Amino acid sequence: MEQDVLPVGLERDARHLVTLEPGKAVLTRRNLVSAAASLAASGALGAAPGKAAAETIPSRPEWQQRPGAELMSPPYGAPSARESQVIRRARHGSPPPPTNYAGISLTPHQNLYGIVTPGGLHYERHHSGVPDIDPDQHRLLVHGLVERPLIFTMDDLTRFPSVSRLHFLECSGNTPTWGVPKPGLTVQDTHGLLSCSEWTGVPLATVLAEAGVRPEGKWLLAEGGDAAALTRSIPIEKAFDDALLVYAQNGERLRPEQGYPLRLLLPGFEGNTSIKWLRRLKIGTAPFQTRWETSKYSLVLPDQTIRQFDFVMDAKSVITSPSGGQSLKGTGFHEISGLAWSGRGKITRVEVSTDGGTSWHDAALQEPVLSKCLTRFRFPWQWEGAPARLASRSTDASGYVQPSRAALESIRDGRSYYHNNAIQTWAVAANGSVVNA
Ligand SMILES: Nc1nc2c(c(=O)[nH]1)N[C@H]1C(S)=C(S)[C@@H](COP(=O)(O)O)O[C@H]1N2
Ligand SMILES: [Mo]
């Protein structure tokens, strides 16, 4: 080691500068302990990944030779410019939309970690673009079968007692992958209409109590303030259970794309019911049968009947790493990691298969495991270089187990792609490439 060219600040810390020897993976005591915690059973430490070639760490790289960028450049921080490939985008192979006002953009789960989706990568589903709403002029009207019809400003609403909770949001059109699997799809394509945030807002029950819902009030109409004025009917029980009038997301005010300045959030329900840019709530006795629930967002069953108001997103999971479009860099240890969630409560179990569902093994659930929230799971894997089929299967607190694609297709008509929570399989080839299977 060339001690004489070490930067001053590192001289006394020279124990961190190591020369790697061929065939010897570098494991400090600290990462040995944490790695051992997850790998205890597998005995995989000897094959942990690491740089095996003889190489000396450069003593003074170019970026250490002068001060870096100044403070507050920019004043609102952005991800590293070197991560510019981590972006929302349209689905591979979908025809380009006639306009970009109505459509979808997908969360890049193959590049994300943990359970929270960064605000700028939250998926989008708009039916008439993102309105530019002045929060000072925005109003929420509560009327219909209430004792006191009320109009709230944003200041009125934020004065109520608030709560912050982590919840996933999933479009019921996520995972439109019935039929023959397209090998080119990534997890962004198959599962990108799914994101998770910490949402802050006022319990809808609090605001409804101010207006006083009459006993005959059983359904609620929620209307958006965009040009599409998206409207959905919500059972009153959900409104009084865990529905939120949300004004903040991951600690800051809602992003415009997510409904600024106010959205409804119905935890665990299909994303379409979480009305963005919320401007009106009307209490009635029955569902309002809006066009959003008669022409769309209903399920076709094999006997050709239609099931309406199928609100809850059932237990689902997906391996995000390794996933379609990625490739394994060499044999040996790989951590299989992914996401599991259920609209009925907490995830209680995730199993992983590396042989296409012939055998299943319990994965570790990363804390925190929260209700109606993404749960990160991890599974240590030794890849010997043979073709493999990776899949995950989740179970939720209700005891429901995520179904296979064949099982789900048998109880649906192929034309209705909503609510596809089937098991996702990724095929690993001998050369390490991973594709949708
Ligand atoms: N007003 C309004 N609310 C809306 C929509 C919309 O187009 N307009 N899209 C719905 C659909 S289909 C989904 S899946 C979610 C998407 O929320 P996001 O864009 O914040 O991810 O919002 C729902 N709420
Ligand atoms: Mo949606």
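How do the residues of the lining of the largest cavity divide into nonpolar, polar and charged? The first legend answers this for the predicted model, in which local features need pLDDT of at least 70, side-chain atom pairs count only at pLDDT 80 or more, and totals for chains, interfaces and linings use all residues. Residues are numbered from 1 along each chain as its sequence is written, chains are lettered from A and ligands numbered from 1 in the order in which they are written, and side-chain values use heavy atoms, with hydrogens and water left out.

Figure 1. The structure holds three cavities of 30 Å³ or more. A cavity is a set of points, on a 1 Å grid over the protein atoms alone, where a 1.4 Å probe fits but cannot get out, and its lining residues have an atom within 4 Å of a point. Grid points are joined across faces, edges and corners, and a volume is the space filled by probe spheres set on the points. The lining comprises seven nonpolar, eight polar and five charged residues. In this classification Ala, Val, Leu, Ile, Met, Phe, Trp, Tyr, Cys and Pro are nonpolar, Asp, Glu, Lys and Arg are charged, and the others, Gly among them, are polar. Strand β4 gives the largest share of this lining, three residues; strands (E, at least two residues) are DSSP runs numbered from the N terminus.

**Figure 2. Ligand 1 in the largest cavity.** Ligand 1 sits in the largest cavity, a term that requires more than half of its atoms to lie within 2 Å of the grid points. Around ligand 1 there are 21 residues, and Y123, H127, D226, R263 and K276 come nearest; a residue counts as near if one of its heavy atoms lies within 4 Å. This shell consists of seven nonpolar, eight polar and six charged residues, and its largest share, three residues, is from β4.

**Figure 3. Polar contacts of ligand 1.** A polar contact with the ligand is a pair of N or O atoms within 3.5 Å. Oxygen atoms of ligand 1 are approached by a polar side-chain atom of K276 at 2.5 Å and by one of H127 at 2.7 Å. A polar backbone atom of S274 is 3.1 Å from a nitrogen atom of the ligand. The protein covers 100% of the 530 Å² of accessible area that ligand 1 has on its own, as given by the Shrake-Rupley method with a 1.4 Å probe.

Figure 4. A pocket is an open set of grid points with protein on both sides within 12 Å along at least five of seven lines. The largest pocket has a volume of about 530 Å³. Among its 24 lining residues, R91, A102, G103, I104 and R125 are the closest to the centre. Both β3 (103–105) and β4 (124–126) supply at least two residues of this lining, which contains 13 nonpolar, seven polar and four charged residues. For the second largest pocket the volume is about 260 Å³. Its lining has 16 residues, with A78, P79, P118, G120 and L121 closest to the centre, and consists of nine nonpolar, five polar and two charged residues.

Figure 5. Most residues other than glycine have a negative phi, and most peptide bonds are trans. The bond from Y260 to P261 is cis, with omega near 5°, and P261 belongs to the loop between β12 (252–253) and β13 (263–265). A cis bond also joins E367 to P368, with omega near -5°; P368 is placed in the loop between β21 (364–365) and β22 (375–383). N250, which is not a glycine, has a positive phi of about 50° and lies in the loop between β11 (244–249) and β12.

Note on methods
Helix = DSSP H or I, 4+ residues; strand = E, 2+ residues; numbered from the N terminus. Polar contact = N/O pair within 3.5 Å; in protein donor to acceptor, adjacent residues only side chain to side chain.
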